[in-house]
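Dear colleague,

Please find the structure for your review below. A summary of the findings follows it.

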Amino acid sequence: PHEKGLPLLLEAFSLARRARPELTLTVIGGEKLPEVAACEGARGTGWITAEELQAIFEQSSLFVMPATYEPWGLSYLEALACRTPVMGLARNAMPEISGNGEYGFMLPQPDVKALADGILSALADPARLARMGEAGQKHVLERYRWEHVAKVMSETILRESPTA
């Protein structure tokens, strides 16, 4: 939970909820975590199916994972594939996956107030979130489908292979 940024997220969510008490937070896999249970407005799930995860993403306005270490970021891609904009730290794969902010929001450092402000700012403009989600889904489907990945890999291997 720490490397995924959960303590930072829970603190920022609590701060954001002071301004917007109607906010809710779903923590996938957080069902047995006492810090999730203690956070007003938050709920944790247990193990869920891929279909349940997709439904949660589709019902969400924003996916927030301020991971201090997330080298690839599959969760960000899954959220974007469901038209849910993402928010995280500007490190590892997040800049590439978010289109350098086109499909999501990036924070330069793990900072509670900045994250809370970012959440509130993002949620203040549902039309922008919808545009970002739609563009993010298109980006993911064009760039990260296995057909595309395999094509890029095979072209790279052919280009880099020594010729006989």
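How many aromatic pairs does a search of the whole structure find? The search finds three. Please bear in mind throughout that this is a predicted model.

One of these aromatic pairs is formed by Phe63 and Tyr76. Their ring centres are 5.9 Å apart and their planes make an angle of 75 degrees, an edge-to-face arrangement. Because Phe63 belongs to strand E3 and Tyr76 to helix H4, the pair ties together parts that are 13 residues apart in sequence. Phe63 and Tyr76 are both buried. Together with Phe57, Phe63 and Tyr76 make up one aromatic cluster.

Strand E3 leads on to the sheet. In general, the strands of a sheet pair through backbone hydrogen bonds, either parallel or antiparallel. Here, three strands form an open sheet in the order E3-E4-E5, and the pairing is parallel. Strand E3 (63-64) and strand E5 (104-107) each have a single partner strand, so they stand at the edges and one side of each is left without a neighbour in the sheet. Strand E4, which covers residues 86-89, pairs with E5 over four bridges in the parallel sense. In one of the pairings, Val86 has Gly104 in E5 as its bridge partner. Helix H4 (residues 74-81) packs on this sheet and touches E3 and E4. The direction of helix H4 makes about 160 degrees with that of E4.

A further point concerns two helices. Helix H1 (residues 6-19) packs with helix H6 (residues 112-123), their axes being 8 Å apart at an angle of about 55 degrees. That angle makes H1 oblique to H6, and the crossing of the two helices is right-handed. The residues of H1 that take part include Leu8, Leu9, Ala12 and Leu15, and among those they meet in H6 are Val112, Leu115, Ile119 and Leu120.

Finally, here is an overview of the whole protein. The protein has eight helices and five strands, and its pattern along the sequence reads α-β-α-β-α-β-α-β-α-β-α-α-α. Along the principal axes, the C-alpha atoms fill a box of roughly 65 × 35 × 30 Å. Of the 164 residues in the protein, 38% are buried. Among contacts in the protein with a separation of 6 or more, 48% involve residues 24 or more positions apart.

With kind regards

Conventions:
Residues are numbered from 1 along each chain as its sequence is written. This is a predicted model: local features need pLDDT of at least 70, side-chain atom pairs count only at pLDDT 80 or more; totals for chains, interfaces and linings use all residues. Side-chain values use heavy atoms; hydrogens and water are left out. Two strands pair if DSSP finds at least two bridges between them. Contact means heavy atoms within 4.5 Å. Axes are lines fitted to C-alpha atoms, for helices over the stretch in contact, and angles run from 0 to 180 degrees between N-to-C directions. Rings of Phe, Tyr and Trp (its six-membered ring) pair if their centres lie within 6.5 Å; planes under 30 degrees apart count as stacked, over 60 as edge-to-face and the rest as tilted. Buried means under 20% relative accessible area, exposed over 50%, partly exposed in between (1.4 Å probe, protein chains only). Angles under 35 degrees count as roughly parallel, over 145 as roughly antiparallel, 65 to 115 as roughly perpendicular and the rest as oblique. A crossing is left-handed if the near helix is turned anticlockwise from the far one by less than a right angle, and right-handed if clockwise.
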